[in-house]
Amino acid sequence: MNRDAAIASSAIAEHSERENVAIAHGLKRQDPELLDHLIELYQHRLLRYLLFLTGKREVAEDLFQETWMRVLLRGAQYNGKARFDTWLFTIARNLVIDLSRKRTMASLDEMSEGGEDSDARPLNIAIDGPSPLEHFQSREDSAEITEVLLKLEPNYREVLVLRFHEELSLDEIAKMTNAPLSTVKSRLYRGLAALKPEVERLRNTPHTEKVR
């Protein structure tokens, strides 16, 4: 990284830190204008994340409302040291897990991993060119993205959404999901592998056939 890039990167990081601290102070005061601003800023990303986790719009919308209630009631717990969006998504994720347990369903961390071994040697993921998910993102019909991702196991789906939609680093995903970095890498690798045949299928399917 050259000197100018390093300075720019440092400036962005400092700006982000100041924003996080300002949000933390505002949440401690339960500032209604700040909450309205945060909802406007993050509502689409949060709802999309919940839709991918639950696969059901009605459930996602209920959890969306509950997440913001938690932000309002527990805002004093946010200290501004971490990114606000990762704190927000962690609240949402925990609500999904709580709901799953109440319904005697498997939680995200308990669902089948298809033979995933979290203690296995970390996988080095090398992707030449755009990833399968990025191929989908370049297509016109975003409904295809949702349809294909919802076919994946929840743990794979979550990591793909956090990595490519939310652009979190693997380390950030590991902290957010309380999973070892090797497990996050494994989930990402397996999720991308599962997407490949779907990408090929869509590539070979004329758009006129898909919209019939």
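**Exercise 1.** Decide whether T146 is buried, partly exposed or exposed in this predicted model.

*Solution.* Start with the relative accessible area of T146, which is 34%. Buried means under 20% and exposed means over 50%. The value of 34% lies in between, so T146 is partly exposed. Finally, look across the chain: the C-alpha atom of T146 is 7.4 Å from that of F52, although the two residues are 94 apart in sequence. F52 is one of the buried residues of α2.

**Exercise 2.** Find what the end-to-end distance of helix α2 says about its span, and where α2 has a kink.

*Solution.* Helix α2 covers residues 32-54, 23 residues in total. A straight helix at 1.5 Å a residue would reach 33 Å, but the end C-alpha atoms of α2 are only 29 Å apart. Then locate the kink: it is about 55° and is centred on Y42. Now check the ends. After α2 comes G55, with a positive phi near 75°.

**Exercise 3.** Which element gives the most residues to the largest nonpolar core?

*Solution.* The core has 44 residues, and L27, W68 and F84 touch the most other members. Elements that give two or more residues include α1, α3 and α6. The most come from α2, with 9 residues. Take W68 next: leaving aside neighbours within four places in sequence, W68 contacts L35, L38, I39, Y42, L46, F84 and L88. Among these, L35, L38, Y42 and L46 are buried residues of α2.

Definitions and conventions: Residues are numbered from 1 along each chain as its sequence is written. This is a predicted model: local features need pLDDT of at least 70, side-chain atom pairs count only at pLDDT 80 or more; totals for chains, interfaces and linings use all residues. Side-chain values use heavy atoms; hydrogens and water are left out. Helices (H or I, at least four residues) and strands (E, at least two) are DSSP runs, numbered from the N terminus. The expected span of a helix is 1.5 Å times one less than its number of residues. The bend at a residue is the angle between axes fitted to the seven residues ending there and the seven starting there. Buried means under 20% relative accessible area, exposed over 50%, partly exposed in between (1.4 Å probe, protein chains only). A nonpolar core is a set of buried Ala, Val, Leu, Ile, Met, Phe, Trp, Tyr and Cys residues joined through side-chain atoms within 4.5 Å. Contact means heavy atoms within 4.5 Å.
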